[in-house]
Amino acid sequence: MDSSFYDLIFKRKSFHRYGEPDGKKITPEELDEISEMWYKFTPLFEGIKTKIKIVPGKQTSCDRGEEYCILIYSEKKPGYLQNIGYIGEQLDLYLTGKGIGPLWFGVGRTKERKYEGLEYVIMMAIRKIDDDSKFRTPGDLSTFNRVPVEEFWEGPLMEGITEVVRLTPTACNIQPWKVINKGDGTLDVYRYRRPGKHGIIPPFRLAYFGSIDIGIFMLFMDICLEHKGIGFERTLTPDDGNFQRLNLNAVYKLKNWPEDNK
Ligand SMILES: Cc1cc2nc3c(=O)[nH]c(=O)nc-3n(C[C@H](O)[C@H](O)[C@H](O)COP(=O)(O)O)c2cc1C
């Protein structure tokens, strides 16, 4: 994993509205690089084909002042939504590092529902950002609107991990994740139906977006564990997409578990 990703967690944000155009534009070279990078990112599941297609924003329903939308496609295999969240968030962080503002755009619509045999999953809007101060300021967590740690983490806290995975972006900010730290070097990660926190997502779409969100969450978890030098084995468990309150998505076995959790 790219070691710059850790710092970019604190810089990234969703550009819900880009504002008036200011002259700076994404270059054709940058577009080519984005297209190449997608295939270099680490997948969560090996063996699920994915592709992206970059189109002018106008060809979608986005209309947030973006230049382009990156349409993301996948084979529909078990775990494909988590996989898209995991790879897509690497794109989100990569773009942030390049001064390009991303916006995961779940409500977006496109007529291009299929691409080279793969199914449309979600899009990400992008626009060049003229001024780095429009991103978050690393060190200032005040603009992260997230649930408190005790609402998603059970068991001993892990310094440098718990408070950072909490910053995971999610569709409508529903934050559908729960971690149970068993205290013996095992972390169970669940997709969780957080009571009363659905945003505008209709119930039948909660598992869809929640699964993408869990993929993003696992990416943050992996970045943090790598950053702390904690080796791990991650076992992915099938999420049947149902409406249960807790759906196990992954079990992490930490190899060099710090006894004092620090
Ligand atoms: C899978 C996913 C889908 C999203 N879809 C939308 C969307 O349709 N419209 C929108 O304005 N923001 C969307 N967002 C952005 C979230 O609202 C945003 O990530 C969340 O509020 C946290 O804010 P932050 O990303 O600035 O930290 C989406 C985010 C994710 C992860």
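**View 1. Where domain 1 meets domain 2.** Here 18 residues of domain 1 touch 20 residues of domain 2, a contact being two C-beta atoms, placed from the backbone, within 7 Å. On the domain 1 side, the elements giving two or more residues are α1 (5–8) and α3. Helix α3 supplies the largest share of that side, eight residues. Sorted by class, the domain 1 side has 10 nonpolar, seven polar and one charged residues. (Nonpolar covers Ala, Val, Leu, Ile, Met, Phe, Trp, Tyr, Cys and Pro; charged covers Asp, Glu, Lys and Arg; the others, Gly among them, are polar.) Helices (H or I, at least four residues) and strands (E, at least two) are DSSP runs, numbered from the N terminus.

A quick word on the model: it is predicted, so local features need pLDDT of at least 70 and side-chain atom pairs count only at pLDDT 80 or more, while totals for chains, interfaces and linings use all residues. Residues are numbered from 1 along each chain as its sequence is written.

**View 2. The two domains.** The protein chain splits into domain 1 (5–133) and domain 2 (149–254), with bounds from an automatic or database domain assignment. Their C-alpha centres lie 22 Å apart.

**View 3. Helix α3 against helix α5.** Helix α3 (residues 80–97) packs on α5 at an angle of about 50°, with the axes 7 Å apart. The axes are lines fitted to C-alpha atoms over the stretch in contact, and angles run from 0 to 180 degrees between N-to-C directions. The two helices are therefore oblique to each other; under 35 degrees would be roughly parallel, over 145 roughly antiparallel, 65 to 115 roughly perpendicular, and the rest is oblique. The crossing of α3 and α5 is right-handed, meaning the near helix is turned clockwise from the far one by less than a right angle. Look for Leu81, Ile84 and Tyr86 among the α3 contact residues, and Tyr208, Ile212 and Met218 among those of α5. By class, this contact has nine nonpolar, six polar and two charged residues.

**View 4. Around the ligand.** Which residues come nearest to the ligand? Of the 17 around it, they are Ser14, Trp104, Gly106, Pro169 and Ala171. (A residue counts as near if its C-beta atom, placed from the backbone, lies within 6 Å.) β3 (100–105) and α5 (203–227) are the elements that give two or more residues to this shell, and α5 gives the most, with four. The shell's classes come to 10 nonpolar, five polar and two charged residues.
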